[in-house]
Every structure is written in C-alpha cells, then in structure tokens.
Amino acid sequence: MRRVLDASALLSGASFDGELFTTPEAVAEVRRLGSTPQLDAVLATKVRVLSATKESLEAVERTARDTGDIARLSPTDQGLLALARDLQAVVLTDDYSIQNVAARLGVRYEKILERGIREVVTWRYRCTGCGRFFEEPTRECRVCGSKVRTTRARPGPPKPPSK
Ligand SMILES: [Zn+2]
C-alpha cells in the first residue's frame, strides 16, 4: 500500500509499512522543526519525495474551498493531499482539515495515533558528558564540549535525568 506522510508522521519516529512518499514542502517543514540523523536516514532510504501534479493541486484547492477548510490548509497540506490523490495513496495525518478534505476528495486517510502506535516519539538531545538535555539538535555540548546523542523521549513534562 502506498502512504503519503505529513510532517508529523515523519517526525513521529514510527515506522510505517508500504511504499512511503512525501512532498518537498513537507521535508522542508520537518527540517525547520529540526532533523535528526535517524530522520535523515529515513528520508534518504525509505521515503520518496515527489511533487503533486497541477491538476491534483487544483482539485484539492477546489474541494477545500467547498468544505471551508481552505484557510486551515497550508500549501504544504494541500500538496500532500494532491500527491495522495495522484498516487491513490493513503494520507497519514492527525490534521482534522486534511482528513476532512481527504474524505471529500475520495482520498483515504489514517490517523497516526490510531495505527496501534502507543506513543508518538519526540526526540531529545542529551550530552554524553554532563548529561544536560537540549531542545534543539546539536552535535556538541555547549557547556562541556562532549558529544550530544539523540534520544527518544515520551511526550509530557520532562522528567529529571535518572542516575
Ligand atoms: Zn555537556
């Protein structure tokens, strides 16, 4: 099965089955949010990056105007929907407006959190020397200069580092 991944699907850290696709705009969005070596590897090996056709982009825009979702759909969202229409793929998204327009377009969608995934992974960055956490991806600790590792963290309030 073909699946089109939105930015939050890409960032979820979850692995998805099938042929995976996304758009150049969604990749740019992910990079703005902070990429990790793991994510780069996924993008390089598992996910094909394609642009939607003009015809599908126009169909998406028309439909989004009909449903009243147009103001809530970014150009990135519209591109993902249009690509899913082109490829007859399933869109992976938790965005309600994308789901709504997908339903109207006859494009199938799956919610990221409803695919039996227990938790959405967020990435954190921890210094291997002093143990400090950083929110932004970084290679080197700005306090002690040691290497910083990417770790998975559960959503919610950050826990104090365990000993
Ligand atoms: Zn450090």
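T22 counts as buried, at 0% relative accessibility (buried means under 20% relative accessible area, exposed over 50%, partly exposed in between, with a 1.4 Å probe and protein chains only). The model is predicted: local features need pLDDT of at least 70, side-chain atom pairs count only at pLDDT 80 or more, and totals for chains, interfaces and linings use all residues. Residues are numbered from 1 along each chain as its sequence is written, and side-chain values use heavy atoms, with hydrogens and water left out.

**Sheet**

T22 sits in strand 2. Helices (H or I, at least four residues) and strands (E, at least two) are DSSP runs, numbered from the N terminus. Leaving aside neighbours within four places in sequence, T22 is in contact with L5, L10, V27, V47, R48, V49, L50, L80 and L83. Contact means heavy atoms within 4.5 Å.

Five strands form an open sheet, ordered 3-2-1-4-5, with parallel pairing. Strand 3 (47-49) and strand 5 (109-110) stand at the edges with a single partner strand each, so one side of each is left without a neighbour in the sheet. Two strands pair if DSSP finds at least two bridges between them. Strand 1 (residues 2-5) and strand 2 (residues 19-22) pair over three bridges. V4 has F21 as its bridge partner in strand 2.

**Helices**

Helix 5 (residues 75-87) lies across strand 1, strand 2 and strand 4 (90-92), at about 170° to strand 1. Axes are lines fitted to C-alpha atoms, for helices over the stretch in contact, and angles run from 0 to 180 degrees between N-to-C directions.

Helix 6 (residues 96-105) has the buried residues S97, I98, Q99, V101, A102 and L105. These buried residues pack against helix 4 (54-67), helix 5, strand 4 and strand 5. D95 caps the N-terminal end of helix 6, with a side-chain oxygen 3.0 Å from the backbone nitrogen of S97. Just after helix 6, G106 takes a positive phi of about 80°.

**Zinc site**

C127, C130, C141 and C144 coordinate the zinc ion through SG atoms at 2.3 Å. Donors are N, O and S atoms within 2.8 Å of the metal (3.2 Å for Na, K and Ca). The donor angles are 100 to 121°, which makes the arrangement tetrahedral; four donors qualify if all angles lie between 85 and 135 degrees. The donor spacing is C-x2-C-x10-C-x2-C. C130 lies in the loop between strand 6 (122-127) and strand 7 (133-134), and C144 in the loop between strand 7 and strand 8 (148-153), so the pair ties together parts 14 residues apart in sequence.

| Donor residue | Relative accessible area |

Note on methods: Four donors count as tetrahedral if all angles lie between 85 and 135 degrees; four count as square planar and six as octahedral if opposite donors are over 155 degrees apart and all others between 65 and 115; anything else is irregular. A polar contact is a pair of N or O atoms within 3.5 Å; within protein, one must be able to donate a hydrogen and the other to accept it, and residues adjacent in sequence count only if both atoms are side-chain atoms.
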